[in-house]
Amino acid sequence: MGKRRLALCAGVLAVTAFGPAACAAYAADGGDVSVVPAAPAPGADIALRVTGCDAREAVAQSPALVSDARLTPDYGDGLAGDGRVRSTLTAGTYTVTVACDGTEHKGTVEVVRKQAPAAGAEPSAHPSPVAPVNAGGGGAARVLADGRERHGPGAAQTVVALALAGTAALTVHRAARRQARRGRGTG
């Protein structure tokens, strides 16, 4: 088998072998439902966010919420919305479910009991904000406050990189072969 065919076959084999696995990994990456704060008290307001959902709108449902929460596109890659924890809820972990694009995304919220202030205790300074203000940076503060750091390229970028690497290898091989032919013809 010639070098050209070998390079072409290697590129096709790489894309064929890694393509489905990369797509499956990409599908498994997203879809998490996050709740801020993660451990609210009964009656508290919470922010909900789901990633891995390409719909324009979704609804978050949970027995912990007063009512279903409407999620709309966020500045990042996903949907976000607000909800309120039932004030009559007992402490415990509750499931939050978001149906999106025919897929069910799940997360949890751990409701903690309210802490009563100690007798005679003076109220302290106001607590620091839970979520950043959407000011400047196009709302980048909310994405950065999400807490999850993204490391390296995603699966889609990996597949594209493999395809480009195969194309580059084939191009280099062709250039070397042409140069070799020129060298043989003049000598």
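This is a predicted model: local features need pLDDT of at least 70, side-chain atom pairs count only at pLDDT 80 or more; totals for chains, interfaces and linings use all residues.
Let's start with the chain as a whole. Of its 187 residues, 24% count as buried. The accessible surface is about 12900 Å², and carbon and sulfur atoms hold 57% of that. As for how the chain meets itself, take the contacts with a separation of 6 or more: 56% of them are between residues 24 or more positions apart.

Now for the inside. In soluble globular proteins, nonpolar side chains tend to be buried together. The largest nonpolar core here has 22 residues, and the ones touching the most other members are Leu 48, Val 50, Ala 60, Leu 71, Val 96 and Val 98. Strands 1 (33-36), 2 (45-50), 3, 4, 6 (92-100) and 7 (103-111) each give two or more residues to this core, with strand 6 supplying the largest share, four residues.

Next, have a look at Ser 62, which sits in the loop between strand 3 (58-61) and strand 4 (69-73). Is Ser 62 buried or exposed? Its relative accessibility is 11%, so Ser 62 counts as buried, the cut-off being under 20%. A polar atom of its side chain lies 2.8 Å from the backbone oxygen of Thr 95. Beyond its neighbours within four places in sequence, Ser 62 is in contact with Tyr 94, Thr 95 and Val 96.

Finally, the charged pairs. The structure holds four salt bridges. One of them joins the side chains of Asp 45 and Arg 84, at 2.6 Å from N to O. Asp 45 belongs to strand 2 and Arg 84 to strand 5 (residues 79-84), so this pair ties together parts that are 39 residues apart in sequence. Asp 45 is partly exposed at 48% relative accessible area, and Arg 84 is partly exposed at 44%.

Another salt bridge pairs Glu 57 with Arg 70, at 3.0 Å from N to O. Glu 57 lies in the loop between strand 2 and strand 3, while Arg 70 is in strand 4, 13 residues apart. Here Glu 57 is partly exposed at 43%, whereas Arg 70 is exposed at 54%, because exposed means over 50%.

Key:
Residues are numbered from 1 along each chain as its sequence is written. Side-chain values use heavy atoms; hydrogens and water are left out. Buried means under 20% relative accessible area, exposed over 50%, partly exposed in between (1.4 Å probe, protein chains only). A polar contact is a pair of N or O atoms within 3.5 Å; within protein, one must be able to donate a hydrogen and the other to accept it, and residues adjacent in sequence count only if both atoms are side-chain atoms. Contact means heavy atoms within 4.5 Å. Accessible areas come from the Shrake-Rupley method with a 1.4 Å probe; for residues, only the protein chains shown count as cover. A nonpolar core is a set of buried Ala, Val, Leu, Ile, Met, Phe, Trp, Tyr and Cys residues joined through side-chain atoms within 4.5 Å.
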